Amino acid sequence: MSTVEAGRFGVFGGRYVPETLIPALDELDAAFDEAMADETFRAELDGLLENYVGRPSPLSDAPRLSKRVGAQVYLKREDLNHTGAHKINNTVGQALLARRMGKLRIIAETGAGQHGVATATICARFGLDCTVYMGEEDIRRQELNVYRMKLLGAKVVPVTSGTRTLKDATSEAIRDWVTNVGDSYYIIGSVVGPAPYPRMVRDFQSIIGREAKSQMMERAGRLPKTVVACVGGGSNAMGIFHPFVEDRDVELVGVEAAGRGLDSGEHAASLQRGEPGVLHGALSYLLQDEDGQVHPAHSISAGLDYPGVGPEHSFLKDSGRAEYVAISDDDALKGLQLLSRLEGIIPALETAHAIAWVDANRERWSPDDAVLICVSGRGDKDVAQLTTLGLTAQ
Amino acid sequence: MASTSTTISSNVDETFAALRQKKKRALVGYLTAGFPDAARSIECLRALDEGGADIIELGVPFSDPIADGPVIQASSQRALELGMTLERTLEIASAAKLRAPIVLFSYLNPVIAGGPDILERAAAAGVSGILLTDLPVGSDSAREEWLSSGPLSFIRLVAPTTPVERMAEIARHGSGFVYLISRLGVTGARTTAPEGLTETVGRLRSATKLPICAGFGISTAEQAKHVSQLADGSVVGSALVSAAAVSPESVSRLTQELRTAIDS
Ligand SMILES: Cc1ncc(COP(=O)(O)O)c(C=O)c1O
């Protein structure tokens, strides 16, 4: 009998998928645990993270932002990874696992295109066949990343169903997987989906928090008072939170997208405005109407534009261990400008939500407090969109 | 773990008992509730019923149907745009007054949103069974227990990838019949016969005494006839939904063709 009910975070998570996928999830679960217990696998993973991704990523101090906030702000620089975001930490791990399992065809979904690019990149590196599903709306918003994926040899399949964004791309990737489950491996891009994905993606991403923790100890001689990260599906946040969860004095803050306002009905704040429900294989907070239909999300940043959220965040929220807040589209734009001008770092629009929240909550900290922000990605991918929004460079 | 199947005989059980007596195979037809609109949905259901379907699967439209191919996806999206809900699906079930037992075909989320009395309300609307595409056996014992102890037959699914020990486990936790997904993939018409179906049905037979109905990708009379030689019933979905997009008469014609082929 399979261990389907394992892989829960409190009541959240699980495996709400078509029966066809259950044996594949059992196989994946076992293969992941085996791989992580295997020295050779870990050495290969560490080697790639160091020599291909460019880890460890730096921890930058942020003197001018620190002055403005009135606390010691530290930036964990996932924007400096190869391909420009944290997403590659996960795709390197999962692609290695796929290869070990003998699955040479890779499927992925993407929203902003960062996960798609990170998947296409590692597939090129390993010579794996790569198909990326992307909503038509996101293809329009993130042209540059579509071009990058194609340049890397991936097939980008436009998804025209539903809202034509990340949620529909994810559904389409799952349909592909159900159809080609024998020879294909689905590299999911966040801590979402059926077990074991949320745990597996968290473990691959927790390199962010492990490094940041030792860098903080080395540089500041103490743990941060607050750790802040943006939350779409929640992988960069889980990655930086996870190694701090047992450090009860460290506050964990996840910043969701408030879009046009938390009460506008046009946002992506699943944890703050959603109700528990089932989407893409897991029970978690979900934007939905009273009939259980999924409510489309909205965010200026394609990477946060998702109506669901990883089940472990739902657990951290309900248990009170993490706090979830939200930042609007407009404030995120200001956050992007702020970090650009004060620190010479143009963050991704997703990351900009975390920056903006710290700036808006300066009264929380005293000058000696350390605040650790996950800079999940760089903003190059967003420049074309910013110019169409009329955001002046002045 | 969820409790074993209910022993009270249901409409679904009676239907299969009657078919067995007549040495006939079942025609199971699927239609999406509220497609192409609420009124025509009822007409199409009646056409399916009168055309000779033994069991009618009534699809509850869901915004994110991960187990469905393009035809059922599009029909669900259209039905939702026109305001279809689980509540209205029950109204359709009740208004249609069908001879054949109705099995709700749904994703879990709308059923959870329906509240704790949804199964009783569905039964009161004349629904006999329920099948959930995304609640595999062992995935959520509390909800599975709720479903298997309720008033509806709880139809579970078996896939071509399911190992034989798990087949037995699945069958033990279901009632009515076992829905055998006949091929890897999502719902939708295919031109070829499902590969390896003989072997899969054979394995499933060794694991359960429940009737076996095979579906996914069965669209023509010829395919239905082939499947009927192996399983106790054939499920036809997307082809009927495509017919419903044209007219109730098309549903009627296709149903009769399928019926004739299965009985021949
Ligand atoms: C730079 C960046 N940050 C954050 C996210 C949001 O994803 P997650 O919440 O899984 O970290 C994305 C997703 O595309 C991204 O590209």
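A cavity here is a set of points, on a 1 Å grid over the protein atoms alone, where a 1.4 Å probe fits but cannot get out, and its lining residues have an atom within 4 Å of a point. Grid points are joined across faces, edges and corners, and a volume is the space filled by probe spheres set on the points.

A quick note before we start: this is a predicted model, where local features need pLDDT of at least 70, side-chain atom pairs count only at pLDDT 80 or more, and totals for chains, interfaces and linings use all residues. Residues are numbered from 1 along each chain as its sequence is written, chains are lettered from A in the order in which they are written, and side-chain values use heavy atoms, with hydrogens and water left out.

**Exercise 1. Describe the second largest cavity.**

Step 1: start with the volume, which is about 110 Å³.

Step 2: look at the lining. There are 18 residues, and Y179(B), T187(B), F216(B), G237(B) and S238(B) are the closest to the centre. Strand 8 (233–236) and helix 11 (238–246) of chain B each give two or more residues; helices (H or I, at least four residues) and strands (E, at least two) are DSSP runs, numbered from the N terminus.

Step 3: sort by class. You get 10 nonpolar, seven polar and one charged, with Gly counted as polar.

**Exercise 2. Now do the largest cavity.**

Step 1: the rule gives 10 cavities of 30 Å³ or more, and the largest holds about 350 Å³ of space.

Step 2: its lining has 31 residues, with H86(A), K87(A), G189(A), G233(A) and G303(A) nearest the centre.

Step 3: the classes come to 10 nonpolar, 17 polar and four charged.

**Exercise 3. Work through the interface of chains A and B.**

Step 1: count contacts (heavy atoms within 4.5 Å). 36 residues of chain A touch 40 of chain B.

Step 2: take the buried area (accessible area, 1.4 Å probe, lost on putting two parts together, summed over both). The two chains bury about 3,000 Å², 53% of it on carbon and sulfur atoms.

Step 3: look for salt bridges (a side-chain nitrogen of Lys or Arg within 4 Å of a carboxyl oxygen of Asp or Glu). The interface has two. K167(A) forms a salt bridge with D64(B), with the closest N and O atoms 2.7 Å apart.

Definitions and conventions: On a 1 Å grid over the protein atoms alone, a cavity is a set of points where a 1.4 Å probe fits but cannot get out, and a pocket is an open set with protein on both sides within 12 Å along at least five of seven lines; lining residues have an atom within 4 Å of a point.
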